[in-house]
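Colleague: I am new to reading models of this kind, and I would like to learn how to describe one feature at a time. Could we go through it together?

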Amino acid sequence: MQRFRVHHGKVAPLLRANIDTDQIIPKQFLKRIEKTGFGEFLFYDWRRTPVGSLDPGFVLNQPGFAGASVLLAGKNFGCGSSREHAVWALAGFGFRAVIAPSFADIFANNSAKNGLLTVKLPEAEVNEIVRRVEGESGYQITVDLEQRQVFDQHGFSARFEIDDFTRHCLLEGLDEIGLTLQHEAEIAAYEERHALTPK
Amino acid sequence: MSIEAGARAAMVAPDETTVAYIKGRRFAPNGEQWDRSVAHWQGLKSDPGARFDTTVEVDAAKLAPFVTWGTNPGMVVPVSGSVPELRHCQNEAEREAIGRMLEYMGLQGGTPIEKIFVDRVFIGSCTNSRLEDLRAAARVAKGYRVSPKVRAMVVPGSQAVKRAAEQEGLHRIFEEAGFEWRESGCSMCLGMNPDILKPGERCASTSNRNFEGRQGRGGRTHLVSPMMAAAAAVAGHFTDIRNWRFH
């Protein structure tokens, strides 16, 4: 898993509340068996017109937000169907962090296991970032997981809460397999003791 | 459906109905193992005096049938009610969210639910297409015809449900009424196969999610019970099942 320590990147605002996973990645794209390749289908029905061309009106299609790596969203982001593909699609598109007033629980957990940081900030602070995004084209922000802080170069700064275990896993780039493999020596020793010997 | 309430999982203690359902089924334990299993299952309940953060009691018998009007399962009103009006919104954020939903759903605030006409009816999904659901829907459909303006389909919850329903002749009731009787599968619950709505089509659906595009891009989903769906297929619009004339 990719580590998350400090990330600096362009912010894209998508300020609807209750953005559900069917919007993040519509179900017809869930047939791949890899974790990769979902980025191009992110927000498919919003990004594309009914005939499949890019809709220039959608925020992520606007040149000013090209290459954005921090998504700003409304409350309860990631609700609905519990599909890990939603995180893979965001990560595949290039997002490293999502900032919102709240997240759906399963989505937030899936994010942490895939190196995508969910930053929960009070609505007032999210709105302050929105104002700054609107006021400065190409607005960038720094998300510092080590310091549990989000800040820009013009004086904005906000602290965020994250539990120690999730933070540790993200800082070290550990998903469950990674965590388990930290005990490889003990696992090997156990396997040795319980080896199935042919009789 | 506990996910829709923000939970990760829900547990229901097994009761007599559960045990009666399992008894004699494929993979169910037999003989002495059955007795031991039942004794074990009966222990799977909340401890006496268990403390809960919140207790919610719902008397389902006193509830009117519900119909969703929006694009998440919580956007729901009794069938006797109306689509919410923007002027009653508590704040700007709510006004914006509801406005967006009404636009997607092609609805005017204040429209009585019973005045909403449907193009499609889907009775299916693992959640709402069990044998008893199909029995209930068939009771409604019996002796009626699906409205000529509606395409209606019934998709049993599993192959086992399909076989059992056919043994009872439920498929004939549906077919005689003009419903399509289909193979079991996910079908229009999430529309990964060609069972989808065209943009703007309106569907009374017994599935469990009504997010934008869930049943096809631009499709408008109203979640209802199997009986309410069957009644909508016949009437062509939502109608209160409590006033239904059963044949």
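Modeller: Let us begin with a pair of helices, where a helix is a DSSP run of H or I with at least four residues, a strand is a run of E with at least two, and both are numbered from the N terminus. Helix H4 (residues 131-141) of chain B packs with helix H7 (residues 226-235) of chain B at an angle of about 30°, their axes being 8 Å apart. An axis is a line fitted to C-alpha atoms, for helices over the stretch in contact, and angles run from 0 to 180 degrees between N-to-C directions. This is a predicted model, in which local features need pLDDT of at least 70 and side-chain atom pairs count only at pLDDT 80 or more, while totals for chains, interfaces and linings use all residues. Residues are numbered from 1 along each chain as its sequence is written, and chains are lettered from A, with ligands numbered from 1, in the order in which they are written.

Colleague: Which word describes how H4(B) and H7(B) lie to each other?

Modeller: Angles under 35 degrees count as roughly parallel, over 145 as roughly antiparallel, 65 to 115 as roughly perpendicular and the rest as oblique. H4(B) and H7(B) are therefore roughly parallel to each other.

Colleague: Which residues of H4(B) and H7(B) meet?

Modeller: Two residues are in contact if their C-beta atoms, placed from the backbone, lie within 7 Å. From H4(B), Asp133(B), Ala136(B), Ala137(B), Val140(B) and Ala141(B) meet Pro226(B), Met227(B), Ala229(B), Ala230(B), Ala231(B) and Val234(B) of H7(B).

Colleague: Why does Phe156(A) count as partly exposed?

Modeller: A residue is buried if 20 or more other C-beta atoms lie within 10 Å of its own, exposed if 12 or fewer, and partly exposed in between, with C-beta atoms placed from the backbone. Phe156(A) counts as partly exposed because it has 16 C-beta neighbours inside 10 Å. Phe156(A) sits in the loop between strand S6 (149-151) and strand S7 (157-159) of chain A. Apart from neighbours within four places in sequence, Phe156(A) is in contact with Glu128(A), Arg132(A) and Phe151(A).
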